[in-house]
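Subject: Structure handover

Hello,

Here is the structure for your files. My notes on the interface and the salt bridges follow below.

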Amino acid sequence: MHISPEFKLISDWITPNSRVLDLGCGDGRLLTHLINTHQISGYGMELDPDKIIQAIDANINVIQSNLNNHDICHYFDEDSFDYVIMTQALQVVKRPDELLDDMLAIGKQSIITFPNFGHWKMRAQLLFKGRMPETKTLPYHWYDTPNIHLCTFNDFEDLCEAKGIEVVERAVVNAEHRSTLGMKIAPNLLGEIALYKVQKKA
Amino acid sequence: MSSATQQENSAITTPQILKVDTPLETESGAVLPGYELVYETYGELNEDASNAILICHALSGDHHVAGIDADGKPGWWDGYIGPGKTIDTNRFFVVCSNNLGGCRGSTGPTTINPNTGKVYGPDFPIMTCRDWVNSQNELRKHLGIEKWAALVGGSMGGMQVLQWAIDYPDKLEHAVVIAAAPKLSAQNIAFNEVARQAIMSDPDFHDGRFIEHGTTPKRGLALARMLGHLTYLSDDMMGTKFGRELREGKLQYNFDVEFQVESYLRYQGEKFATKQNFDANTYLLMTKALDYFDPAAEYDHDLTRALANATAKFLVISFTSDWRFSPERSHEIVKALLDNDADVSYAEITSEHGHDAFLLPNPHYEGVFKSYMNRILTELESAQTNAKPS
């Protein structure tokens, strides 16, 4: 199975034998990888019926659930997991801020990845074309996009700051999930996908 | 298994009878000195008896779950069980028995009571899910099965599966709980009570001794079935199927059947009470068993604790338009299993068919179900590979 550099980066942030919840687990690829390489245990949550079937095929414990309406708090008690992971789904939920709270309630740490709306290609399209950006990482029209809460790295970090959430790790990659020197110097301008590991401030 | 036997198996199913001489002490305190269980099997039990699946039926179901019987009737879940189907009888050995207290061949109210020489009628002890599980455990032993590969059931059958997982945790590998609930709500019990009253207030009921009186409380049974049937369907689905369509095309201003939905319900009730000849005492007994089902009750009403010893891996399935046992009821089961760090997957199937959806075709439902059965097969195969001497 192909494992993206994004998932490899996430794996590096996971302690072996930990308990993991993957929100929007898709076909269960990340969990399968973590089970095989880090002997983790845990569950996936997914809304898409076809992906539920794929996750069951992948031998993953998957719960069909919406990520809205505080569903995860109904299912799990506080500190049930070492990590609550959510890749590329923060921007599609109704209230990312509330979900972030829920994730940090049921997990000790959260790992979140999302597309950076502050990337220069987005800025350039808006500035020069005067139109909503459409890129490889965000290939939708403004009217049919599931991405209803896009943000930039800076926006996300402002939210963390306001909520008393500590950024433990941060990484950026491009659409090919590679990391370059430029991205490290100017992540909000050159990074296309953001990876954050966060926790509540002690 | 040769393809000839396979053909035969899928062509005509033959019920078998297990005679149990060990007395069954029921939860109510009554003792059945002995009893018979009628059951059908499909497919072949493998060498190490590891591929057996027990199907638990719902309120009005029976042991004829798959294939075609001698009367040409297909099993009630034939769409999902058979050669190459979701539960593939080319791979699994599938067993289904009629619950005790039933009226399709297992000992029940229509059986002769050895103490009186007359039919049990209303004297047949009230059964609970636990009693059924205990009796099915005798069937398990009889068939030489140490551990079921899976227990599968929908509605009341799903509750029985939960009871199995709680009472005999080491006797099943997987539990598939479909369109079920951890206990009935007040509304569920209320519907059951109206159904029972419909039967018991029928003048032909004779306090349950209608067989001795040579009658059947057909009107009561039909009413009970009409009510039950209503709770299996969704408002949307009834709207799509019948709407306000009239049988005669215009209003008649009388109390005869006018709307198509009335005609349909009357037909369903009539069919159940006459053609299907369902026993009224069995109907009463089954609804009572449903009402009593509450495995958490003996654990301070804590379902998490009730399921703490369950070691089976679970698949829980619910249907969006099922208001009899809604998805929220399945969430309760899933939550209790998650609390116990159990292996559990849960699917909430979009369907407009209400509670009945668990018996009907649906690509997502079939996909989830089939994938899970494949997972069980993969486990069986790897266990067999590991067990083989090198």
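A residue is called buried under 20% relative accessible area, exposed over 50%, and partly exposed in between (1.4 Å probe, protein chains only). This is a predicted model, in which local features need pLDDT of at least 70 and side-chain atom pairs count only at pLDDT 80 or more, while totals for chains, interfaces and linings use all residues. Residues are numbered from 1 along each chain as its sequence is written, chains are lettered from A and ligands numbered from 1 in the order in which they are written, and side-chain values use heavy atoms, with hydrogens and water left out.

Salt bridges within chains

A salt bridge here is a side-chain nitrogen of Lys or Arg within 4 Å of a carboxyl oxygen of Asp or Glu. Over all chains, the search finds 29 of them.

In chain A, A:Asp27 pairs with A:Arg29 at 3.1 Å, N to O. A:Asp27 is partly exposed at 24% relative accessibility, and A:Arg29 is partly exposed as well, at 28%.

In chain B, B:Arg130 and B:Glu298 form a salt bridge, with their closest N and O atoms 3.2 Å apart. B:Arg130 sits in helix α2 (residues 129-142) and B:Glu298 in the loop between α8 (280-292) and α9 (303-306), so this pair ties together parts 168 residues apart in sequence. Helices (H or I, at least four residues) and strands (E, at least two) are DSSP runs, numbered from the N terminus. B:Glu298 is partly exposed, at 49%.

B:Lys147 and B:Glu173 also form a salt bridge, the closest N and O atoms being 3.2 Å apart. B:Lys147 is in the loop between α2 and β9 (148-154) of chain B and B:Glu173 in strand β10 (residues 172-178), so the pair links parts that are 26 residues apart in sequence. Both are partly exposed: B:Lys147 at 31% and B:Glu173 at 29%. Shared partners join B:Glu27, B:Arg130, B:Asp167 and B:Glu298 into one salt-bridge network.

The interface

Chain A gives 18 residues to the contact and chain B gives 20, where contact means heavy atoms within 4.5 Å. About 1,700 Å² is buried between the two chains, 49% of it from carbon and sulfur atoms; buried area is the accessible area (1.4 Å probe) that two parts lose on being put together, summed over both. On the chain A side, A:Ile56, A:Gln64 and A:Tyr75 lose the most area to chain B, together 36% of what that side buries.

Two salt bridges cross the interface of chain A and chain B. One of them joins A:Arg19 to B:Asp341 (3.4 Å, N to O).

Regards
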